[in-house]
Amino acid sequence: MNKVYQAVADCRPTFVKMSYTFTKDINEIDEVVQECIIYFMQMNPQTLKNIYIKDYLSLIKKKLKHSLNYLKELRNGILQ
């Protein structure tokens, strides 16, 4: 579970950037982001782990699809 909690902590900069959409008040942003992280930390560990696994697998699939498309384009460019 430490990897999952580390992943939540690593998302903090993203949460901050997203918050700037709604307000520019850094104190309000820090408070909301902290509440969000606390919410994740207090979530049922198995539920949080399931979310982590699902999102991680989704990310891998996206990267794999992007890589395959790149290889197709590269192959088509070389063969033409």
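L74 lies in helix α4, where helices are DSSP runs of H or I with at least four residues, numbered from the N terminus. This is a predicted model, in which local features need pLDDT of at least 70, side-chain atom pairs count only at pLDDT 80 or more, and totals for chains, interfaces and linings use all residues. Residues are numbered from 1 along each chain as its sequence is written, and side-chain values use heavy atoms, leaving out hydrogens and water.

At 38% relative accessibility, L74 counts as partly exposed (between 20%, under which a residue is buried, and 50%, over which it is exposed, using a 1.4 Å probe and protein chains only). Together with L64, L68, Y70 and L71, L74 makes a nonpolar surface patch of about 500 Å². Such patches take residues with over 30% relative accessible area and no salt bridge, joining nonpolar side chains within 5 Å.

Now turn to the largest pocket, which holds about 350 Å³ of space. A pocket here is an open set of points on a 1 Å grid where a 1.4 Å probe fits, with protein on both sides within 12 Å along at least five of seven lines; lining residues have an atom within 4 Å of a point. Helix α4 gives the largest share of the lining, 6 residues.

Finally, look for the 1 salt bridge, a side-chain nitrogen of Lys or Arg within 4 Å of a carboxyl oxygen of Asp or Glu. R12 pairs with D30, their closest N and O atoms being 3.1 Å apart. This links helix α2 to helix α3, across 18 residues.

How values were computed:
Grid points are joined across faces, edges and corners, and a volume is the space filled by probe spheres set on the points. Helices (H or I, at least four residues) and strands (E, at least two) are DSSP runs, numbered from the N terminus. Patches are made of residues with over 30% relative accessible area and no salt bridge: like charges are joined within 9 Å, nonpolar side chains (Val, Leu, Ile, Met, Phe, Trp, Tyr) within 5 Å. Accessible areas come from the Shrake-Rupley method with a 1.4 Å probe; for residues, only the protein chains shown count as cover.
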